[in-house]
Amino acid sequence: MGFFSQLGLLLWKNFLLQRRKICVSIFEVILPIVFAVIILIIRIAAKPKEFDRPIYYDSKPVRSSDFRYRYMDPDVEVGFTPNTALTRRIMADVVQNLEGTLTKQLETFVVGK
């Protein structure tokens with residue numbers, strides 16, 4: 001059987017399947033168009049805000065006293081893995097820099113055992 005006869009039979013089979021499920025076929029065509037129109041409407045409605053010059057923000061040190069209370073829960077636990085000497089040393093530095101934040105070591109595990 002030649003390539004074009006197989007292609008013709010495949011297209012005919014696809015046509016018959018599409019004709020049997022008209023509702024599905026309509027949604028396959030209509031829904032992408034509807035979503036594209038919704039995205040286009042949102043893009044037109046949301047106007048970008050243009051600035052004449054760059055905006056500079058004040059720098060704030062990470063070690064400032066308000067940083068921890070503004071951005072971190074006082075009872076935060078920092079988890080890390082793998083449990084190696086290097087990661088323990090890095091996390092000890094993190095604990096020291098974050099003024100004693102608790103850490104929790106996560107052990108490596110194998111799924112399915």
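**Figure 1. Surroundings of Thr87 in the predicted model.** Leaving aside residues up to four places away in sequence, Thr87 touches Phe80 and Pro82. The coordinates shown in this and the following views belong to a predicted model. Thr87 is part of helix H4, which covers residues 85-97. The relative accessible area of Thr87 is 16%. Because the limit for a buried residue is under 20%, Thr87 counts as buried.

**Figure 2. Contact between helices H1 and H2.** Helix H1 spans residues 3-20 and helix H2 spans residues 22-45. Two packed helices are described by the angle between their axes and by the distance between the axes. For H1 and H2, the axes come within 5 Å and cross at roughly 100°. Angles of 65 to 115 degrees count as roughly perpendicular, and H1 and H2 are therefore roughly perpendicular to each other. On the H1 side the contact involves Gln18, Arg19 and Arg20, which meet Ile22, Ser25 and Glu28 of H2. By residue class, this contact of H1 with H2 comprises three charged, two polar and one nonpolar.

Figure 3. An unreviewed UniProt entry assigns the feature "transmembrane region" to residues 22-46. In the model, this span is 96% helix and 0% strand.

**Figure 4. Overview of the protein.** Four helices and two strands make up the secondary structure of the protein. Their order along the sequence is α-α-α-β-α-β. The protein has 113 residues, of which 9% count as buried. Its accessible surface comes to about 10800 Å², and carbon and sulfur atoms account for 65% of that surface. Of the contacts between residues at least 6 apart in sequence, 60% join residues at least 24 apart.

How values were computed
Residues numbered from 1 in each chain as written. Predicted model: local features only at pLDDT ≥ 70, side-chain atom pairs only at ≥ 80, totals over all residues. Heavy atoms only, no water. Buried < 20%, exposed > 50% of the residue type's maximum accessible area, 1.4 Å probe, protein only. Contact = heavy atoms within 4.5 Å. Areas by Shrake-Rupley, 256 points an atom, 1.4 Å probe, with all protein chains shown as cover. UniProt positions renumbered as here; feature names shortened; annotations may be inferred. Axes fitted to C-alpha atoms, helices over the stretch in contact; angles between N-to-C directions. Parallel < 35°, antiparallel > 145°, perpendicular 65-115°, else oblique. Nonpolar A, V, L, I, M, F, W, Y, C, P; charged D, E, K, R; others polar.
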